[in-house]
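Visitor: I would like to learn how to read a few features of this model. Could you take me through them one at a time?

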Amino acid sequence: MAARDPHRYINELDEAALQRLVVRLESRAMDAVFAALLDKYVARLKLRSSARLLEVGCGTGANLRKLARCGDFKGESVGVDQCQTIIDAAWSFAQTEGVGDRIMFQVGDAHHLDFPSGTFDAVIAHTLISHAADPALVIKEMARVVRPGGMVVVFDGDYSSLTFGYPDHDFGSRMDAALANATFNNPRIMRDLPRLLSDYGLELVAAWGDALTEIGNGSYFKSFAETYVPYVIKASLLPQSEVENWMNDQQKAMEDGKFFACCNYYTYMVRRQ
Ligand SMILES: C[S@@+](CC[C@H](N)C(=O)[O-])C[C@H]1O[C@@H](n2cnc3c(N)ncnc32)[C@H](O)[C@@H]1O
């Protein structure tokens, strides 16, 4: 079976698999190192307190809830995701955290957004573009629904840089590639953004990279491996017994304080002209 990105094809997943993605998205948002990457671009966005913000591919809404809870942003935000179960979870988390009246969640497709042109002051895609069926069309839509002078932020991993330490370097590098291919429709898309963004009237304001690295112990990459290794097995990308050995070795390395994993993440902040 060919690899099928679980976020791109989220509507094909059963309830148990969906709940595992909910757990992954929530745990990742609480991971201090990963959360800091959102904080970094939000600080530079300088959203006016009354701004209108859209997140495409909002998942369980962890980013919008965080923005509603902290800082000076008191404006309206809207989260769009293609999956009804994920949107239901987003509503439920927002109600529980007391921010349900500040955020609106709706089911929709990032390739065909159901908003008039120029509706928002800022539009963000936080780890969506690596999963999109057609990244260029998503960027075109983000550029359309932001107002002239408004900001678009695209944040995602460069999953060809994703790597875990493993004593058998040859298998380790095949496993790195299998994980990237099983999990992401577009593992190298962040390298194409300078060209793609300029095609849609978006002017680059700032861009930077961060290496998310865990050495000794792992939390972000522990949950990453636990969530996505089953998709490597499901797609038969590598022999199951060897993948299981790899996973056991990662768990042992964490217990022994000998773990290593790293992936580069990039942020592009662009302005609609
Ligand atoms: C990795 S999750 C990121 C969720 C959220 N942005 C976060 O950072 O927690 C990717 C999300 O994008 C959604 N998604 C993928 N393709 C989409 C599309 N074409 N339209 C809307 N949502 C999409 C998936 O359903 C999934 O919830």
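Guide: Let us start with the pocket. On a 1 Å grid over the protein atoms alone, a pocket is an open set of points with protein on both sides within 12 Å along at least five of seven lines, and lining residues have an atom within 4 Å of a point. Grid points are joined across faces, edges and corners, and a volume is the space filled by probe spheres (1.4 Å) set on the points. This is a predicted model, in which local features need pLDDT of at least 70 and side-chain atom pairs pLDDT 80 or more, while totals for chains, interfaces and linings use all residues. Residues are numbered from 1 along each chain as its sequence is written, and side-chain values use heavy atoms, without hydrogens and water.

Visitor: How much space lies in the largest pocket, and which residues lie nearest its centre?

Guide: The space comes to about 570 Å³. Of the 38 lining residues, H7, G57, D81, T127 and L128 lie nearest the centre. Helices (H or I, at least four residues) and strands (E, at least two) are DSSP runs, numbered from the N terminus. Those giving two or more residues to this lining are α1 (15-30), β1 (52-56), α3 (62-69), β2 (76-81) and α8; α1 gives the most, with four.

Visitor: Is α3 largely enclosed or open?

Guide: Buried means under 20% relative accessible area, exposed over 50%, and partly exposed in between (1.4 Å probe, protein chains only). Seven of the eight residues of α3 are buried, so α3 is largely enclosed by the rest of the structure. The buried ones are A62, N63, L64, R65, K66, L67 and A68. Just after α3, G71 has a positive phi of about 75°.

Visitor: How do α8 and α9 cross?

Guide: Axes are lines fitted to C-alpha atoms over the stretch in contact, with angles from 0 to 180 degrees between N-to-C directions. The axes of α8 (residues 220-234) and α9 (residues 240-255) come within 10 Å and cross at roughly 175°. Over 145 degrees counts as roughly antiparallel, and α8 and α9 are therefore roughly antiparallel to each other.

How values were computed: Angles under 35 degrees count as roughly parallel, over 145 as roughly antiparallel, 65 to 115 as roughly perpendicular and the rest as oblique.
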